[in-house]
Amino acid sequence: MTLPSAQPLNLPQGMEITGDIKPGYEAILTTEALSLVVKLTREFEARRQQLLAVRVERAKRLDAGERPDFLPETAEIRNGDWTIAPIPAALECRRVEITGPVERKMVINALNSGADSYMTDFEDSNTPNWDNQITGQINMKDAVRRTISLEQNGKSYKLNDKVATLVVRPRGWHLDEKHVLVDGKRISGGIFDFALFMVHNAKEQLARGAGPYFYLPKMESHLEARLWNDIFVMTQNELGLPQGTIKATVLIETILAAFEMDEILYELREHSSGLNAGRWDYIFSCIKKFKLDKDFCLADRAKVTMTAPFMRAYALLLLKTCHKRKAPAIGGMAALIPIKNDPEKNDVAMGGVRNDKARDATDGYDGGWVAHPGLVELAMGEFTKVLGDKPNQIDKQRSDIEVTREQLLDFKPEAPITEAGLRYNINVGIHYLGSWLAGNGCVPIHNLMEDAATAEISRSQVWQWIRSDKGVLEDGRKVTADMVRAMIPEELAKVQRDAPGGDGPTYPRAAQIFEDMSTSTEFAEFLTLPLYEEI
Ligand SMILES: CC(=O)SCCNC(=O)CCNC(=O)[C@H](O)C(C)(C)COP(=O)(O)OP(=O)(O)OC[C@H]1O[C@@H](n2cnc3c(N)ncnc32)[C@H](O)[C@@H]1OP(=O)(O)O
Ligand SMILES: O=CC(=O)O
């Protein structure tokens, strides 16, 4: 079959696109959409670069031993009596939010899953290659208009009458879109994802009773939230939308943002739809920020759970902060997924999800994330047990909660670190990187959901255990670069045996990248940065 060729694009002055323009892409890369990308880029790119430079400077201070604290200059905001703007009806009830990459079948299945909302992901569960980003936008456009459908493996997919509320996660500030240049430079991936989505869908969503809603990832400060807010204001002006139309939930998933939750809500107060406790990136951020701190060294990844002291402190502070500001507090995701063909193991996994949601609901959270449609009913059950008929429990004030700086920084458990835990990290790291390079950014590995955030924990633990004096296995052996180098081929062989398509070329490459990343002196800021240069 010969495909119709794509229409030529009418690019705004100063813009260049190096990605292939396949049939259908021109409906996304319209002049109106690209013009907004150019305007936002010219207005805000310098600030994005400044904020990224601030991250680098802060990281140097943390490497030198500084520990974060609540900001003295924003005490007035923390102590002030303000709330965010009222939440739109479509976002009042978010007991269960399903998440997933912007892949067509996933989009349909997630919208049909019975969850209240669906966070569709241009970020950590998605390999941001050009085709995934643009077909993801095509999928969004069709989903918003309810024309999305698919025939696959003899099955027909289309939307049910009642679907989840759509929320979009664009890429974080650190990621570029390398296929689009403005004035000769790569642009922000996040601005690209956001602008295209807004131009194509915001008005259509409003006409259908919802609106343009977003999840904002990986921010490290309220100044980064201010940048998003300013982008929202300009975009609403450009598109002729009332100010306050866009709503965004911020993932508190860096240790530095945990010290600025009030300030982040304040910056976005006209556009805020609350905060989410993004636990996996949060753990990664702690390892990254304190990687050189001689007193910091976490135990095997499996032992660092939501009941670890620093995780409990962060989750409770987030809840208290949100409800004080009349903002939804949304829980994060247990990485457990249904286990096929092993009822006993499946029962244990489902028990884990049940406990996770029960703890969040009982604490006062308004909802939580799940990774898979098979978990929606179970999670819904735990939230409705506590919420009953109420759409949320924002009225549950938790002024009884007191969280100190010391509690946020109480990094335990430190033991055990085991050979099995080390091998697990290497195995997951190679498997995930190999899959990501092959174009799939979210995979089940050893019966857990693995995405960029969970894989970051694995590879950063290995880096840190090699360097920390505390990186000692429970049998007394010090974790060393040579030990890791020796294990990598063994774990690669297991991945090649176990991963679907494991005999493909991306897995040996992944093993090489994993070795470079974990044994080099420099710590790679995000694993997706070197990976992005490979696709
Ligand atoms: C830390 C964070 O950033 S969390 C946010 C990012 N992570 C995510 O979004 C996780 C998304 N989840 C997933 O991608 C998948 O559930 C995985 C990779 C974990 C597991 O995938 P699989 O093993 O293929 O799932 P499984 O085979 O059980 O899928 C069964 C069906 O459910 C569908 N499904 C699975 N997960 C999802 C999902 N999250 N959304 C929509 N549909 C889904 C599959 O498409 C499949 O549909 P089909 O029966 O019509 O073919
Ligand atoms: O993005 C979510 C997380 O847990 O990380």
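Predicted model: local features only at pLDDT ≥ 70, side-chain atom pairs only at ≥ 80, totals over all residues.

Colleague: Fine. How many residues surround ligand 1, and which are the closest?

Modeller: There are 26 residues around ligand 1. The closest are Thr 99, Tyr 157, Lys 340, Ala 371 and Asp 451.

Colleague: What polar side-chain atom lies 2.6 Å from an oxygen atom of ligand 1?

Modeller: That atom belongs to Asp 451. On the backbone side, a polar atom of Ala 371 is 2.7 Å from a nitrogen atom of ligand 1. Gly 100 also takes part through its backbone, with an N or O atom 3.1 Å from a ligand 1 oxygen.

Colleague: How much of ligand 1 does the protein bury?

Modeller: The protein buries 83% of the 960 Å² that ligand 1 exposes when taken alone.

Colleague: Which elements give two or more residues to the shell around ligand 1?

Modeller: Strand S2 (96-101), helix H3 (104-111), strand S5 (155-158) and strand S14 (443-445) do.

Colleague: And how do the residues of that shell divide?

Modeller: Into 15 nonpolar, 5 polar and 6 charged residues.

Colleague: Over to ligand 2. Which residues are around it?

Modeller: Arg 169, Glu 253, Gly 278, Arg 279, Trp 280, Asp 281, Trp 369 and Ala 453. By class, that shell has 3 nonpolar, 1 polar and 4 charged residues.

Colleague: Which helix gives the most to the shell around ligand 2?

Modeller: Helix H9 (residues 279-289), with 3 residues.

Colleague: How much of the accessible area of ligand 2 does the protein cover?

Modeller: The protein covers 96% of the 190 Å² that ligand 2 has on its own.

Colleague: New topic: H5. What span should its 19 residues have?

Modeller: At 1.5 Å a residue, helix H5 (residues 189-207) should span 27 Å. Its end C-alpha atoms are 27 Å apart, so the two agree.

Colleague: Where is the kink in H5 centred?

Modeller: On Asn 201, with a bend of about 50°.

Colleague: Is H5 largely enclosed or exposed?

Modeller: It is largely enclosed by the rest of the structure, because 15 of its 19 residues are buried.

Colleague: What caps the N-terminal end of H5?

Modeller: Ser 188 does. One of its side-chain oxygens lies 3.2 Å from the backbone nitrogen of Gly 190. Just after H5, Gly 209 takes a positive phi of about 95°.

Colleague: Back to S2 for a moment. Is Val 96 buried or exposed?

Modeller: Val 96, found in strand S2, has a relative accessible area of 0%. The cut-off for buried is under 20%, so Val 96 counts as buried.

Colleague: How many residues along the chain separate Val 96 and Gly 368?

Modeller: They are 272 residues apart along the chain, yet their C-alpha atoms are separated by 5.3 Å.

Colleague: Last one. Where does Glu 177 lie?

Modeller: In strand S7 (residues 176-182). Glu 177 is buried as well, with a relative accessible area of 0%.

Colleague: Which side chain does Glu 177 join in a polar contact?

Modeller: That of Tyr 532, at 3.2 Å.

Note on methods
Residues numbered from 1 in each chain as written. Chains lettered and ligands numbered in written order. Heavy atoms only, no water. Near = heavy atom within 4 Å. Polar contact = N/O pair within 3.5 Å; in protein donor to acceptor, adjacent residues only side chain to side chain. Areas by Shrake-Rupley, 256 points an atom, 1.4 Å probe, with all protein chains shown as cover. Helix = DSSP H or I, 4+ residues; strand = E, 2+ residues; numbered from the N terminus. Nonpolar A, V, L, I, M, F, W, Y, C, P; charged D, E, K, R; others polar. Expected span 1.5 Å × (residues − 1). Bend = angle between axes of the 7 residues up to and from the residue. Buried < 20%, exposed > 50% of the residue type's maximum accessible area, 1.4 Å probe, protein only.
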